[in-house]
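Hi,

Here is the structure I promised to pass on. Have a look at it first, and then read my notes below.

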Amino acid sequence: MLLRLFLSTLLAIFVYPLSAEEPITPIQPPVSLSEAKVRLGELLFHDVRLSRDNSISCAQCHNLATNGSDSLPSSIGIAGQKGEVKSPTVYNSTLNFMQFWDGRARTLEQQAGMPIHNPIEMDSNWQEVIGKLNADRAFSNQFSKTYPDGFTPENISDALVSFERSLMTVNSPFDRWLQGDKAALSEDAEQGYALFKGYGCISCHQGQNVGGNMFAYMGSVVDYFGQLDRQLRPSDMGRFNVTGRESDKFLFKVPSLRLAALQKYFFHDASADSLPQAVRVMAKHQLGRDVSEQDVTKIVAFLESLVGYHPRLKAE
Amino acid sequence: MKHKYSSSISIQLFLLAVVAGLLVYFYQLNNLNSEQHSKRINVLLAAKDLDAKFDQVALQILTSTMKQYDSLLELYDRMDQLELQLSREQGLLHDTHTDIVVSGEKLSVLLTEKLALIERLKTQSAIVRNGFLYLPTLSEELYNHPFHEIEHPDSYVTALFAFRDYGSSSSREELAEKLKSIEHWVKQHPHDRMMSNFLLHIEASLKGQRKLYQLRDQFIEVPSKVTFQDLHERYQAYHRESVKQTQLLSFKLMAACLVLVIFLIVILRRLDKSRVTAEQASNRLHDAVGSLQEGFALFAADGSLVLSNQRWAELYDLSRQQHQLTLQLYQAEREQSAVSRTTHTDRDSGLSYTLEQLNNNRWVQASDVETSDGGLVCVRTDITQQREDSEKLRIASVVFETTQEGIITTDAERRIQAVNPAFCRISGYPEKELLGNKPSMLRSGQHNETFYDTMWGHINNDGAWAGEVWNRRKDGSIYPQWLSVNAVQDESGEIVQYIAVVTDISERKAQEEQIHFQAYYDALTSLPNRALLLDRLEHDLKLSKRNELMGALLFIDLDRFKRINDTMGHELGDKLLIQVAERLKDVIRSSDTIARFGGDEFVILLSEIQDPQQAAVVAEKVVSTLSQPFELNGYDVFTGASIGIALSPSDSHSAVELLRLADLAMYKAKEMGRNQFHFFAQSMQDKVNRRVELEHKLRSALSENQFQVYYQPIVNLETGSVYGVEALLRWFHPEEGMISPVEFIPVAEETGMIASIGEWVLEQACHDIAMLQQQYPQLHLSVNLSTRQYHLGFDIHRLNKAIAQTGIAKGSLTLEITESILLEEDKEVMAWLNSFKQEGVQLSVDDFGTGYSSLSYLKRFPISILKIDRSFVSDINRDQEAVLLVDAIISMARSLKMQVIAEGVEDSEQLQTLNSLGCDNVQGFHFSKPIPCSELQQWLQQSADLIKG
């Protein structure tokens, strides 16, 4: 066992440069995070006072134990309001180049306040939230130790983001494989990775987060929305909702596939409810291809190897 | 003052503005500093760099050499930052020119556009890449397709690659041409999924590539480079302009500095000048204030002391706290130091002032005036002197008006200026008639011109004259006045005024005469008294000196006047004196003076006599007339006169001395038996001198052991043996040798020294004899006792003390007293003598026979021994009377059981006679002269041997 660890370490050192050639890179554990800020962010993340009626917290839609998201087609805000899109995972969200499906927030700091103000989510505002938090003398004192100017939108966001930065799922089998632990992947998974690249999935799902760093049209080869038996919703416009540019219609942020294996629903509209189906939908509409079930299985095996570890994330 | 303030304020404001302006200049300069510039340049460089990075990334995407896009995250951060830095409001360029800001913003927009294009390139490139990835598979699937016969499927792929790689429109059209046949096939075979799928992908790839190229072209067309260039140039131009402006500003600044410096120099010079002026003014002010007679203080509005002088501090005794004096402190001090305070208003100026009496007894006129700036000017005039002067004037005026003395003042020409009521009263003239006239109108005609000339001469030369002047009243009567005139001179010594004070002395003159009489005449006899006598005597002496005339002074003392006065009463005594005076007046010439000198003493001054005999005649007359009986209250009273005469100038030139000499001579006359006169002789003076000399020497004799006790043996005639010795005092003066007791004993008695001398003799004699009594127990000792010793306190206690100290046998001691003591007939003296007798001491009477003692006298006294005077013994063999007298004495003594000692026995004849008369004891030179104790011892031995032998 020790020998193996030693060997893997050696391999990690010598093989890493090679693996750097791969379009997917291992998730790096977070560095230089303030423990106090993370702790405060965690408290805020689970604090229902961030919602108008103190009914929900961030964790409501971003269940850290399951997959950093909920297992619903669309999230439920205060007073049971339903959102239009499926909530993305909060894990590894720092690696995304923009936030939300349409990338309407550049950074997590910008993102943090948006659900609070969103009428169908928390339906509150900074003034209200800060008022409530200040009323909690103990929490206020604790918070002021780290943030001398107390609760401000910036400080609350910073704490939340600090916490979110800590939510990295590291040491996934695939990452270990990338770092030279060839035994970390099953044959299927390894073949699945080859297929992932060969089919061209990799064109969009690359980088540490296996996605999350570019936009792509939903149905870039074969029309997606046309074949749906439902009306188009505003959220289906994707990036267009942010830029207003005609060419940005149906353009969405490519989601991370890191925890895809833990998801129940897929795509912004949760139109797929299993990973193989999602793979097939992607192959059809993004690549214009049919994928054999055998390949789907292998790709799914690969995708499963992308799931890393985090103390809050319950291993299945 | 206010104007000056405002101008100074405006100068200050101007300077402030200049400084503020310079600061703004500096700020502007600072604004253009290199830091700002380099920041902007850095932003420009960052923009350029980001642009280049965008280009690089775009190229990598287009060439599919970028495997994953994580690295692009950083570009977003950079773009965010750049966008902020180039933003219109907060960017680094916002304070430059608008065109630069616009250009910068444009660049930012363009770069954002480029990033957006990169994003789209990513998306598009993925689509294209994936298309190409599928093409080989597609191509392979079509190998066995019937269409394969028309054209090999790879040719489409090849054409696609060609289009991808060269992107020329020809290759695209060629491919489009090729696709037409497929499209045609697909139309003809609608169910051929494979072929339609192939067409779909080829067309999609073509479309995708076209779109990609469009995007690429869009990207390339973004004029970021040009914009950057434009921005850069604009900024450079702006910077150059700024630098230029900076230089210009620097020049302006330098110029401003220069102006400011010059301005400051001018101001400094002005300040200096005004400071000097102010200092001079201040010094002048200080000097002026310091030299003020008045106390001066200036307080500022806040109560602080601005200026004050020494006088001020002295008035309020503030010197110790002057340096910190405030108005409040001063006012407190003022409250404390003021005894009284009254407010007045000046009649002329209408200003009010306060009169204060301070506790240091000074009067101060205080006037406080507020200054225009709220301060207080305090002026204190010390009017103590003025008050005193005015008070003096007031008093002088009252004195002038009310004094009993008449006062006239005249001007230098002696015209009357003022007279007081008293003068009007004295002179009888009303004031009106006197003013303007000369005092000469008052002349009485009693004095001649010379008198007045002398008077004015004194006044003008000495400044004053006083004397008696007779004036005439208005009613014509004349009166004596005491006139005192003073000349008043001005500073140059010129006489400007005369002041005369006039006292009517008519009454006083009368009084004076009365007083003069009282002073110079005896009230009882109306004769001149001692003072007038001396006056006249002095006067005569002066005259006699000049005229070489002789004068005589007769000093008359009434005999027995005291006795008459005591026995008949003072009233009678006074009558006697009056009668004596009357009789004396009859004796002398009118030119002579009789004076009552005091008590019963009269003095007659005979002026201008030619011969002393004349004095003797007068004296004879006086003695004669006064020896006649006086009739007083029906009695004939006899008195008499002893007269001493001194002559001038032969005896003395001095009045007092003459009187003394006459007195001395009078005593001589009295000594000689009264009722006679005696001229003064020099021997009298000598005797007096000798007496004084002796007294002087006597005072030191006892302490210097000049005395010795000698002893003369007394021999018993019956046994022939020694009865005893008489102690005799001997004085051996170191210069004079032995001085006789006859000479010094009276002096000792008069001066009282006899007390100590007598006691010394007693003690010494007792001591000596007590010693001898050890060998000769029967030896008696006689010691002389002076009557004066009784008065001087010698008593039995002293005697006992001497006896006790020496151990002499009481019974062997005899005290010798003189006959005179017995004559005093005094009970106390009797008691005194008895006290000795009672103690066992014997008493003997010395020199018996010379006095007046009678048998009856002796009987009364405790006498046990009589000593027969030597005068009888010396005559005993020549004078039968003496033998009878001695015989009588011895007989009398026997009858009184007294012993007899004969003194002065000098030869055996006398001894035999005495022996025959039955005398008990003898003493004298026949046996031994008085000898000292040591010789006495020898003598006693010899005589004892003689008897034995």
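This is a predicted model: local features need pLDDT of at least 70, side-chain atom pairs count only at pLDDT 80 or more; totals for chains, interfaces and linings use all residues.

What does β7(B) pair with besides β8(B)? It also pairs with β11(B) (residues 495–504), in the antiparallel sense and over 6 bridges. Within β11(B), B:Q497 is the residue that stands opposite B:D411. Zoom out and you get an open sheet of 5 strands in chain B, in the order β8-β7-β11-β10-β9, with antiparallel pairing. At the edges are β8 and β9 (464–472) of chain B; each has a single partner strand, so one side of each is left without a neighbour in the sheet. From one strand to the next, the twist averages 25°. Helix α14(B) (residues 449–462) packs on this sheet, where it touches β9, β10 (478–489) and β11 of chain B. The direction of α14(B) makes about 150° with that of β9(B).

There is another sheet to look at in chain B. This one is open too, with 5 strands in the order β13-β14-β12-β17-β18, but the pairing is mixed. Its edge strands are β13 (593–598) and β18 (677–679) of chain B, each pairing on one side only. Neighbouring strands here are turned by 20° against each other on average, direction ignored. Helix α20(B) (residues 655–671) packs on the sheet and touches β12 (550–559), β13, β14 (601–609), β17 and β18 of chain B. Its direction makes about 140° with that of β17(B).

At one end of the order, β17(B) (residues 640–648) and β18(B) run parallel, with 3 bridges between them. If you want a residue pair to click on, B:I643 has B:F677 of β18(B) as its bridge partner. B:P649 sits in the loop between β17 and α20 of chain B.

Most residues other than glycine have a negative phi, and most peptide bonds are trans. Two non-glycine residues with a positive phi are worth a look: A:F100, at about 70°, and B:N705, at about 55°. Both are in loops. A:F100 lies between α2 (35–45) and α3 (108–117) of chain A, while B:N705 lies between α21 (682–701) and β19 (707–716) of chain B. Are they buried or exposed? A:F100 has 15% relative accessibility, and because buried means under 20%, it counts as buried. B:N705 counts as exposed, because its 65% is over the 50% cut-off.

The structure holds 4 cavities of 30 Å³ or more, and the largest cavity has about 90 Å³ of space. Both chains contribute to its lining, which includes A:V221, A:Q286 and A:L287 from chain A, and B:I127, B:H201 and B:S205 from chain B. Which element gives the most? That is α4(B), with 5 residues. At least two lining residues each come from α10 (275–287) of chain A and from α4 (98–141) and α7 (193–221) of chain B.

The second largest pocket has about 890 Å³ of space. It is lined by 33 residues, and B:L728, B:P741, B:I745, B:N784 and B:D846 are the closest to its centre. Elements of chain B that each supply at least two residues of that lining include β20 (722–733), α22 (741–751), β22 (780–784) and β24 (842–848).

Some overall numbers for chain B, in case you need them:

- There are 32 helices and 28 strands.
- Of its 949 residues, 43% are buried.
- Among contacts with a separation of 6 or more, 60% are between residues 24 or more positions apart.
- The accessible surface comes to about 51000 Å², with 53% of it belonging to carbon and sulfur atoms.

Cheers

Notes:
Residues are numbered from 1 along each chain as its sequence is written. Chains are lettered from A and ligands numbered from 1 in the order in which they are written. Side-chain values use heavy atoms; hydrogens and water are left out. Two strands pair if DSSP finds at least two bridges between them. Helices (H or I, at least four residues) and strands (E, at least two) are DSSP runs, numbered from the N terminus. Axes are lines fitted to C-alpha atoms, for helices over the stretch in contact, and angles run from 0 to 180 degrees between N-to-C directions. Contact means heavy atoms within 4.5 Å. Buried means under 20% relative accessible area, exposed over 50%, partly exposed in between (1.4 Å probe, protein chains only). Accessible areas come from the Shrake-Rupley method with a 1.4 Å probe; for residues, only the protein chains shown count as cover. On a 1 Å grid over the protein atoms alone, a cavity is a set of points where a 1.4 Å probe fits but cannot get out, and a pocket is an open set with protein on both sides within 12 Å along at least five of seven lines; lining residues have an atom within 4 Å of a point. Grid points are joined across faces, edges and corners, and a volume is the space filled by probe spheres set on the points.
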